[in-house]
Amino acid sequence: MCGIAGIFHLETAKPVDPDRLRKMTDSLSHRGPDGSGLWTAAGVGLGHRRLSIIDLEGGAQPMLTADKAQVLSFNGEIYNFLEVRAELERLGHQFQTDSDSEVILYAWRQWGVDCLERLNGMFAFALYDQRSRQLFLARDRLGVKPLFYAPVSDGSILFASELKGLLANPLLRREPSLRAVDDYLAFGYVPDHRSLLKGVKKLAAGHYLLLEQGKPEPDPVQYWDMDFSQRHRASAGALEEELVELLKQAVGSRMIADVPLGAFLSGGVDSSAVVALMAENSRRPVKTCSIGFDQQSLDETGYARQVAERFRTEHSQRTVAADDFGLIDTLADHFDEPFADASALPTFRVCELARETVTVALSGDGADEAMAGYRRHVFHHAEERVRGLLPQSFRGPAFGWLGSVYPKADWAPRPFRAKSTLLSLARTGAEGYAEAVGVTTPAGRDRIYSDAMQRDLGGYRAEQRIIDLMEKAPARNGLDQAQYADMKMWLPGDILTKVDRTSMAVGLEAREPLLDYRLMEFAAKLPTSLRVRRGQGKYLLKKSMEQYLPDDILYRPKMGFVTPIAQWFRGPLADSARDIASGGNLARTGWFDSKALRKVAEDHIAGRSDNSRLLWQLLMLDKSLSRLFGL
């Protein structure tokens, strides 16, 4: 895993300042502690920070072809590089190294942009062709690896693996995007179609950008997309066998490394499945690690130990305090943009633990998105059945009225918390799901925005992006639409951003076998009944793993990393909650109603309501504003 950065002059081939390029590259040193490199030519400069994984001696970058016609700066891994290399050798290409980086160079030379169709991996790379004067920027299908870019005042395009790489260049404008603020408060992260800095862009997952000197900046081109519109015709038994084979291939291909390799193990279905298949594929004990909490209700390490003992792994475990909020500033530094998924704290800790013994760790991320594993998928599927029985003309007025009068009861057991369900049923499926995946509702945001902020937003609502994705999705039903939207928004914006930043912060490469695109394409074609059955998601995955894992691992309630932020804001972070409204950066922006923010804080501290998620969002936004704008 690595960090890349660069400068490309679109209009004229002006010289690139090596010092500016070096500062951009050095800002990413945590992503690549093993080495660095710069390459410049007329109008272009590429920088690279290296974390050595494959071909430790011969994989230095930026890498040039033997005739120096093409040069590459690459972040990621190509898992099928040996097969692609063999095909290129049959076509007459000769290789000087054993690295996957060199395979990308000659794949471009042979197939141009179509080389992306042959690459199975996680990647973001910049490839400059001196013959055509083109810069080829590309990002992997699911968006595992990030790539930021921005045009600046001297006519050049800056690009980097993280926003801090762009921030290291003095030409980058630092003007906030109010729509990105609304997106962030709606979802808890800044999605890939937006950046908190106006003018900064993120290359979307499954897209490439082909820049050419002397021509204007083009729009990115999509080269891959998920398709939920088709269905498998095979029997359930045959599909189960095919799924197991795909899982084995995905895990096996991600175990290739010239450095120590292991796995995260939470004791949940997904990470346990990965560890089971790793153990089957390895002659040596698999190295696994897990994080536990000193509050028993949050701790899953007993399940992790059970899996570790079953497969005789070399297991390491660490218990952290539930009040481990000392990482807040560290996380704000590494994420750059505000990021309010509090599970980033334990994720950082498990990456720290893994890095003590391995350089590469496999994770179980991706199965929930691919196979409808979230509770919201199950609820949405059930709601869609009701919508199919009753017309919108009836549901809108009837359920809307019931939802308005039903009391809000966040404290009550789930069966009695019907208000949100009733309000959701009053809307279309896309409208209901858009709010279900959110953190703060439009009404909730309106209550804390200042009049000026509401006026400047001009009626913009972040949820419309989810609605548009669902309504235009290549899908057959509402569950398909919800999963498609999650893969476009939630997966790259939250899950993969969290894993990338926390793992790279400690120089660890995280690999996600369950995000193998062949596995994702297979899952998208599964009949609904093989995804959701009897009120549970991921049905076929769990069924296929019965030969490897016990029922108390496969069918126990989903937990995930949970952090007790509600208690924090009534205890050690109570003063921070109050500062948000009175003396913090947010108060100086003019975006918020200070009186409303004080009420949010005091109501939570007094126990009148649970505003912890909103307070956490506001705290992380406050931290980011300080770093991005010096407020």
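**Rings in the model**

Colleague: Is Trp39 buried or exposed?
Modeller: Trp39 is buried, because its relative accessibility is 14%. Buried means under 20% relative accessible area, exposed over 50%, and partly exposed in between, using a 1.4 Å probe and protein chains only. Keep in mind that this is a predicted model: local features need pLDDT of at least 70, side-chain atom pairs count only at pLDDT 80 or more, and totals for chains, interfaces and linings use all residues. Residues are numbered from 1 along each chain as its sequence is written, and side-chain values use heavy atoms, with hydrogens and water left out.

Colleague: OK, how many aromatic pairs does the structure hold?
Modeller: There are 15 aromatic pairs. Rings of Phe, Tyr and Trp (its six-membered ring) pair if their centres lie within 6.5 Å; planes under 30 degrees apart are stacked, over 60 edge-to-face, and the rest tilted.

Colleague: Why is the pair of Trp39 and Tyr128 tilted?
Modeller: Their planes are at 45°, so the pair counts as tilted, with the ring centres 6.1 Å apart.

Colleague: And is Tyr128 buried or exposed?
Modeller: Tyr128 is buried, at a relative accessible area of 4%.

Colleague: What about Phe335 and Phe339?
Modeller: That pair is stacked, 4.4 Å from centre to centre with 15° between the planes. Phe335 is buried at 7% relative accessible area, and Phe339 is buried too, at 5%.

Colleague: New topic: which residues form one aromatic cluster?
Modeller: Trp108, Phe123, Phe125, Phe136 and Tyr208 do.
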